[in-house]
Amino acid sequence: MTELISQINWMGIVIGVSTFLIIGLFHPIVIKGEYYFGTRCWWWFAVAGVALIVAALLVESVLASALLGVTGFSSFWSILEIFEQQERVHKGWFPRNPKRTYPWDEKDKK
């Protein structure tokens with residue numbers, strides 16, 4: 001039994017659990033980013049995504065490269081999510097920041 005456990009490759013499980021946690025971490029980042037900065041913070045996700053993908057190409061460790069790649073592409077996905085989050089705020093599903101104006105505020109005044 002000990003021999004079987006020593007032959008198991010845990011790398012896939014580690015990458016899978018880490019991917020799950022990384023994606024879960026990006027949800028509140030997107031929500032807070034939209035709340036405090038609106039959609040204008042999309043480029044932060046783009047810059048971070050490019051930097052993380054470049055780093056994934058340069059590291060030798062398969063685990064580190066995979067985690068950097070997952071984080072980089074999660075950052076790219078967050079660009080879409082930041083705009084969708086603004087739509088969720090518009091629908092009233094999430095609170096709006098009272099200190100900011102939103103694109104639909106101008107339309108409502110007319």
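Reply: Happy to! Let's begin with Phe 94, which touches Ile 31, Gln 85, Arg 88 and Val 89, not counting residues up to four places away in sequence. Contact here means heavy atoms within 4.5 Å. Before we go on, note that this is a predicted model, where local features need pLDDT of at least 70 and side-chain atom pairs count only at pLDDT 80 or more, while totals for chains, interfaces and linings use all residues. Residues are numbered from 1 along each chain as its sequence is written, and side-chain values use heavy atoms, leaving out hydrogens and water.

Me: Where does Phe 94 lie?

Reply: Phe 94 sits in the loop between helix 4 (62-90) and helix 5 (103-109). Helices (H or I, at least four residues) are DSSP runs, numbered from the N terminus, as are strands (E, at least two).

Me: Why is Phe 94 called partly exposed?

Reply: Buried means under 20% relative accessible area, exposed means over 50%, and partly exposed is in between (1.4 Å probe, protein chains only). Phe 94 has 29% relative accessibility, so Phe 94 counts as partly exposed.

Me: And what makes Phe 20 count as exposed?

Reply: Phe 20, in helix 2, has a relative accessibility of 63%, and therefore counts as exposed. Phe 20 also belongs to a nonpolar patch on the surface, together with Ile 5, Ile 8, Trp 10, Ile 13, Val 14, Val 17 and Leu 21.

Me: What makes a patch, and how much accessible area does this one have?

Reply: Patches are made of residues with over 30% relative accessible area and no salt bridge; nonpolar side chains (Val, Leu, Ile, Met, Phe, Trp, Tyr) are joined within 5 Å, and like charges within 9 Å. The residues of this patch have about 810 Å² of accessible area together, by the Shrake-Rupley method with a 1.4 Å probe, where for residues only the protein chains shown count as cover. Helix 2 (residues 11-37) gives the most to the patch, with five residues.

Me: How do you know that Glu 34 forms a salt bridge with Arg 100?

Reply: A salt bridge is a side-chain nitrogen of Lys or Arg within 4 Å of a carboxyl oxygen of Asp or Glu. For Glu 34 and Arg 100, the closest N and O atoms are 3.5 Å apart, and the pair forms a salt bridge. This pair links distant parts of the chain, with Glu 34 in helix 2 and Arg 100 in the loop between helix 4 and helix 5, 66 residues apart.

Me: Are Glu 34 and Arg 100 buried or exposed?

Reply: Glu 34 has 1% relative accessibility, so Glu 34 counts as buried. Arg 100, at 13%, therefore counts as buried too.

Me: How many salt bridges are there in the whole structure?

Reply: A search finds four. Among them, Asp 105 pairs with Arg 96, the closest N and O atoms being 2.8 Å apart. Asp 105 counts as buried because its relative accessibility is 14%, whereas Arg 96, at 36%, is partly exposed.

Me: What separates Glu 84 and Arg 88, whose side chains meet in a salt bridge?

Reply: Glu 84 and Arg 88 are separated by about one helical turn, because they are four residues apart in helix 4. Their salt bridge has an N to O distance of 4.0 Å. Glu 81, Glu 84 and Arg 88 are linked in a network of salt bridges.
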